[in-house]
Amino acid sequence: MATDLSKYRNIGIFAHVDAGKTTTTERILSLTGKIHKIGEVHDGESTTDFMEQEAERGITIQSAATTCFWNDHRFNIIDTPGHVDFTVEVYRSLKVLDGGVGVFCASGGVEPQSETNWRYADESEVSRVIYVNKLDRVGGDFYRVVDQVKNILGATPLVMVLPIGIESDFIGVVDLLTRKAWVWDDSGQPENYEIQDVPADMVDKVEEYREQLIETALEQDDELMEAYLETMEEPAMEDIKRCIRKGTIALDFFPTYCGSSFKNKGVQLVLDAVVDYLPNPTEVDPQPEVDPEGNETGVFAEVKTDAPLRALAFKIMDDKFGALTFTRIYSGVLNKGDVVLNSFTGKTERVGRIVEMHADERTELDSAQAGDIIALVGLKNTQTGHTLCDQKSPATLEPMVFPEPVISIAVAPKDKANAEKLGVAIGKMVAEDPSFYVESDEETGETILKGMGELHLDIKVDILKRTHGVEVSVGAPQVAYRESITKTISDSYTHKKQSGGSGQFGKIDYTIEPGEAGTGFLFESTVVGGNVPKEYWPAVEKGFKLSMDQGVLAGYPMEDVKVTLTDGGFHAVDSSAVAFEIAAKAAYRASIPKAGPQILEPIMKLDVFTPEEKVGDVIGDLNRRRGMIQSQETTPSGVIRIKAEAALSEMFGYIGDLRTMTSGRGQFSMEFSHYAPCPKNISEKVIAEAAERNAK
């Protein structure tokens, strides 16, 4: 049963925290649910009761992908979180989307996080329509947000509708293409609208914006443009729409709508725009396949049902029915009961059940195919980013890249009952979020949680308490320091042990030098003439590599070190791989202290927004936190944006301090940038703390 892929839209809804994404998603689900289920509202069970309770919980936290229908098109709506500590989630959603709706708040405008998400979407080349929400709010200004999209995001908004009335008088929108006004009554019901003529006082403005719209659209087609300029007669409506669709998919512009999701005004036009202008799965570049090293092979997973199966698991979620593996199928067909290969683990998995998630229910499917986004039940060893493929034709899709955690906290269960629950809860949470790491400290018995930022870990602790009912006490946040070296040193080490029976012997001459930033550990051998036989080189590399986990100053992992094996010696009887591995480990401990070891700390990229009158305080405070100010500019809304870099260790509790300094108006976002050497006083403190921990 091949379905028509041109009727599919796999879309995400991106927004800054509080731009109204949850409400918008709910309104879409309720609208599409109503349309889809006309005539089968179950004996008085209307969709809205269901939404009341959902509204508190927020559907969007619950499901990674929801399927709904609009005008005989099938929408798979992928959820994306708004907060910066979860950009991993946004990035992961972008991998499986074909298009998106960017939601902006009419009074808040383009905020720091909207920018980060927008940049990710640009990098992933995802077509978007823009929806300016909350036009009923005090301070809501559609035209200002349109300017911000141009100036802050550097994007071209293609204005498709104009608002009628502002703030509490907002009653509807004018559709520029049809020159018709959609006017809603005060009932709050989305279907209670009338199509009217353009209000008399808006006619001139509508014509002005309509002309801009048509000229921008026709730039996509030279012949239509020429004809239009010669005759000044506009082309047929389907030609204009075809040009808008072409330009939207090419990311030349972004059709821009407005409304109030809360008041149920304007959402239908956004749904129509998704159908009219966003790409179907066959209109986006197919996913590249990669070899085991992660290099592209030049082969692509084409969106076709008659090709071998290629699917990407993009999110694992645990719910009352067990673990769900949300999966995007890029090519081929997947049937219930199929046995598929996980190309990452090399093991096969049996697909127990295939389900499609709807707002308030799930539907069991017998099969799914290229273009579909579904949840699989019953997979045992599949993690986020793994490829599921045909056993006879294995392949790996480009995997997702997850950043290393930069911050950790220690948690300890309050009592024995909580200790048992903690293990189970953490197992589930790690499967769901690849940027969340957990390790246990054998010596102290504490559980160490590692993540992308303070908020990320706060929320994890909150999930432990609320969702899993685990009471824990939380330690102070710890920074993930690293160690490195500053000098090149050439040295020699001989390992020999002789005590009855066969002995051990391995001699190595080597050079240890600082590597390029970000290279990790590099090893090469320049030994000639067989003084260290080739079969022992991997043992030498392994000995050094394993030692890199523990620096000599404070026990943090070593970064960016290159070791070259230059010469050595062996014994025909007593030499073995083990002997050379031990020699390398001892050589590391002996030589690294002579190579100018130093502590590195994570440096974060900061984006701080502050009212103009507080700039001096904010910059002074950043300087005290060892921040390096890189630029400052005034945004169109009159707020000052400061870009800076600062050491993570100085940024704990920053959000509280910033809010105090700016009377609650400041905002900031922060992401990891790079590692840099610590100042001497900080290094001494880090080393002293490590010594204290070890003494315990």
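Select W184 to begin: at 4% relative accessibility this residue counts as buried, where buried means under 20% relative accessible area, exposed over 50% and partly exposed in between, with a 1.4 Å probe and protein chains only. The model on screen is predicted, so local features need pLDDT of at least 70 and side-chain atom pairs count only at pLDDT 80 or more, while totals for chains, interfaces and linings use all residues. Residues are numbered from 1 along each chain as its sequence is written, and side-chain values use heavy atoms, with hydrogens and water left out.

Next, turn to the aromatic pairs, of which a search of the whole structure finds 12; rings of Phe, Tyr and Trp (its six-membered ring) pair if their centres lie within 6.5 Å, and planes under 30 degrees apart count as stacked, over 60 as edge-to-face and the rest as tilted. Select Y143 and Y209, a tilted pair with 5.8 Å from centre to centre and 50° between the planes. Y143 lies in helix α6 (residues 142-151) and Y209 in helix α7 (residues 203-218), so this pair ties together parts that are 66 residues apart in sequence; helices (H or I, at least four residues) and strands (E, at least two) are DSSP runs, numbered from the N terminus. Y143 is partly exposed at 23% relative accessibility, whereas Y209 is buried at 16%.

Now show K205, which lies over the face of Y143 at 3.9 Å from the ring centre; a charge sits over a ring if NZ of Lys or CZ of Arg is within 6 Å of the ring centre and within 35 degrees of the ring normal. The charged end of R128 likewise sits over the ring of W118, 4.2 Å from its centre, and W118 forms one aromatic cluster with F104 and F254.

Move on to strand β1 (residues 8-15), where 8 of the 8 residues are buried. Y8, N10, G12 and F14 point one way from β1, and R9, I11, I13 and A15 the other way. In a regular strand the side chains alternate between the two faces of the sheet. Strand β4 (residues 99-105) runs parallel to β1 and is joined to it by 5 bridges, two strands being paired if DSSP finds at least two bridges between them; A15 stands opposite V103.

Finally, select N71, in the loop between β2 (65-70) and β3 (73-79), whose phi is positive, near 45°, in a residue other than glycine.
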